Amino acid sequence: MDHDIIQFGLYVPPHPHPLLSPGASEGYQRLRDAFDTCRERIENSDADLIIVYSTTWPSIIGHQFQANPNSEWVHVDDDFHYLGSMPYSFTMDSVFAEACVEKAKERGLQARTVNYDAFPIDTGSITALSLLNPENRIPATIVSSNMYANRSETIVLGKAIRDALTEEKRKAVVVVVSSLSNRMFTEPIDPSKDRIHSQKDDDWNRKILEFFEDGRLEDLSQLSREIHGQIRVQKVVAYKPAWWMASTMGQHNNYEGEVLSYEALNGSGGAVIQLTPSVGSIGDKEFDEDDVEYYRGDRNVLDQGGV
Amino acid sequence: MSKGEIVLGALAPHPPHVVYAENPDQNEPVSEGGWETLRWGYHRLARKLETIDYDVMVVFTPHWQTYVGTHFLGVPRFSSKSVDPVFPNIFRYNYDLEVDVDLSEAMCKAASDAGLITRMMRNPDFRVDYGTITSCHMMNPRWDKPIITISSNRNTHYYSPEVMIEQALALGRACRTAIEESGKRVVLVSSHSLSHRHFVTESPLPEDMSKEHIYNHSQYVWDMALIDLFRQGKMREAIDIMPEFTEQTIAETEGGGLVWMMGAMGMPEYPAEIYGYQSVIGTGNCIAAWVPQPDKREIVL
C-alpha cells in the first residue's frame, strides 16, 4: 500500500495578503489563522516533503521543478507591491525534483529542473511556503503550471509525481496554490470591505467548497472544465488545480475534507482547505463509489436491503 | 520650455533569446549566436537611434501584468538580476538602469486625470521585467538613457479585446499629453511579439537554427497581414482588426502595447520602417518603427 505517501493535501490562495497584511481585514486574518493551523498540522505530521503546484508559476517548456537547494531572494508582487517586499529563503529537495523529472519523462512529458541563483519564485509559492513551512523544517519542491497543458497532460504530471513519491518512499504534504473564482476588483478597494466579486462567483465557490468538504476530489476534477467556464477569468486554457491535485493524491473521492477558511481576496475566492486520504469512506457517498484501483465485485446492495 | 514630442515609436519584441544570442557581459549564459535576422534588425534600429536626439525611452510591457489598474515605475534606479521564469537557462541578466520618475509621475497623473486607474510603483526591491530589459538592451545596449516602464493591465482577459483597445488608446493619449507638457523628447517602445504560440519543447542547443520556424502557417499569414498594414501606413485598420488578430494568433498584442503606442502617436498614416521578422520558439516577431518627422523616415526592408 502506498496511501501514506500523501499525508494530506492543502488548497490555498495565491494572493500575498495573508502574509503581508493579515490585519487589513478580518477575512485576511481568518485566512492567516487557517494557514497557521495548517502549519501546525504539517509540523505534527510525518511529512518529509512539501510539493507545491503553483498556478502563479506559468511555464512553456514542459514542466519545471524548482531544485535550487537554497532558493533565496526578495520578491515583490506585480500588483500588490505597495504591501511590501517578500524576502524568502527556501530549502528545496533537489534530489526529489530530479526524481520527478525522470518520472515525468518516463510518462512522455517534457520536464526539467530549474536551479539558478535569483530565480523568481512566484508570489503564490512564496506566500504558501512562508506561512506553511517558515523554518524550512521540511524540504520542498515547486512545480510549474504549463500554460498550454490541458486535462490529460496535467493528470499525467500528477501521476508522475506520485510515481516519484512511491519510488522514493516519501511522505508528502501536497499544496495547491490557486484561487477558487479568480476575478479581482479592477479598482482599489478598502480591504476591510473586501467581498467576492459577484454573487455568481460566491455561489460557485460555495458549491465547490461543499465538494471539498465531502472529500469529493475526483468529482471536482471532473467538474474542472465547468468551473473554468463559470468562474475563472480565461487567462489560461483550463482550470487545472483539481486535475493535478486528484491525480497526485489519488483519483477518487475517499477523503476527509475540511474548509478552514473561505474569504475574499481583492474580490477573488480565497480558501484554505485540507483533504486527508481516508480508508473508510468507500461507498458512503454514492452507491458506486467503489475502489477504482482494484475491482472487488458487486456489493449486492439490493440483497442487503440497504438501499 | 519647448513642447515635448515623441521622436520614434518602436515595436520591439522581447524574446530573451536575442539577448542570449548577443552574449553581452550582463547575461550569464553563453551562446553560439542565433536569430540573426532579428538581431541584425535590432542593430540597425539601435544605430538609427544613435542619430536621434532623445531623453527617455518609455516601454509598455506585457510581462509586468497588473489587474488593478496601470502601474508606472517610480524609483529612480534599479540594480538587480533578472531571471526569466520561463527560459532561465538562457536569460540571467544583471541590470543597472535609471528611471525618469518625473515623467513617469506625469504620465501616471495624466492617465488618472483621463479616468484610468493608475498607481506608481515605489518599492525599491521590485524587479524590472525581462521584457523591458530585452527590448531596451537591444535598442540601446549602452543603457545611457533613462527609461520608464508601464505595466500591462489585463483588460483583454477581464473584459474583452475591445475594452483593452479603448483603454490602451486612452492611456496612449494621456501619455502623449504628459510628454508634450514635459518638454522631453521620447522614444516609445511597445515590447511584444505578434503571433505568440510557442513550441513547448526546446532543442538541446536553444540556438540551433535548423529547428527554428513559425509555429504554423496560419500564424505566419496573420503576421504578414498585419505587417502589410504597417508598411502601408494603415494603422487605424491594423487596430480595427486587432481583436481578430489577437484571437486567431493568441498574439501578445493582447497586452495592449501596440495599441497604446498608436494612441500616443495619433494613429500614424505613414509607412512603418520594417527592420526584421523572425520566429523565436515558434512565435512571430517583427521589429518596426514609426517616425513622425518625415525627413527622418527611411525604407529599411
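User: What is the area buried between chain B and chain A?

Analyst: This is a predicted model, where local features need pLDDT of at least 70, side-chain atom pairs count only at pLDDT 80 or more, and totals for chains, interfaces and linings use all residues. Residues are numbered from 1 along each chain as written, chains are lettered from A in the order written, and side-chain values use heavy atoms, without hydrogens and water. Buried area is the accessible area (1.4 Å probe) that two parts lose on being put together, summed over both. Carbon and sulfur atoms give 56% of the area between chain B and chain A, and the total is about 3,300 Å².

User: How many residues does each chain bring to the contact?

Analyst: Contact means heavy atoms within 4.5 Å. Chain A gives 36 residues, and chain B gives 38.

User: Which residue of chain B forms a salt bridge with Arg112(A)?

Analyst: A salt bridge is a side-chain nitrogen of Lys or Arg within 4 Å of a carboxyl oxygen of Asp or Glu. Between chain B and chain A the count is 2. For Arg112(A), the closest N and O atoms are 3.0 Å apart, and the partner is Glu202(B).

User: Which element of chain A gives the most to the lining of the largest cavity?

Analyst: A cavity is a set of points on a 1 Å grid over the protein atoms alone where a 1.4 Å probe fits but cannot get out; lining residues have an atom within 4 Å of a point. The largest cavity has a volume of about 40 Å³, the space filled by probe spheres set on the points, which are joined across faces, edges and corners. Its lining includes Ser71(A), Trp73(A) and Tyr116(A). With 3 residues, the main contributor is strand β4 (residues 70-75).

User: How many charged residues are in the lining of the second largest cavity?

Analyst: This lining includes Arg39(A), Glu43(A) and Pro134(A). Helix α2 (residues 26-43) of chain A gives the most, with 3 residues. Asp, Glu, Lys and Arg count as charged. Beside 3 nonpolar and 1 polar, the charged residues number 4.

User: Is Asn155(B) buried or exposed?

Analyst: Not counting residues up to four places away in sequence, Asn155(B) touches Ser160(B), Val163(B), Met164(B) and Gln167(B). Buried means under 20% relative accessible area, exposed over 50%, partly exposed in between (1.4 Å probe, protein chains only). Because its relative accessibility is 6%, Asn155(B) counts as buried.

Terms used: 1 Å grid on protein atoms, 1.4 Å probe; cavity = no way out; pocket = protein on both sides within 12 Å on 5 of 7 lines; lining within 4 Å. Helix = DSSP H or I, 4+ residues; strand = E, 2+ residues; numbered from the N terminus.
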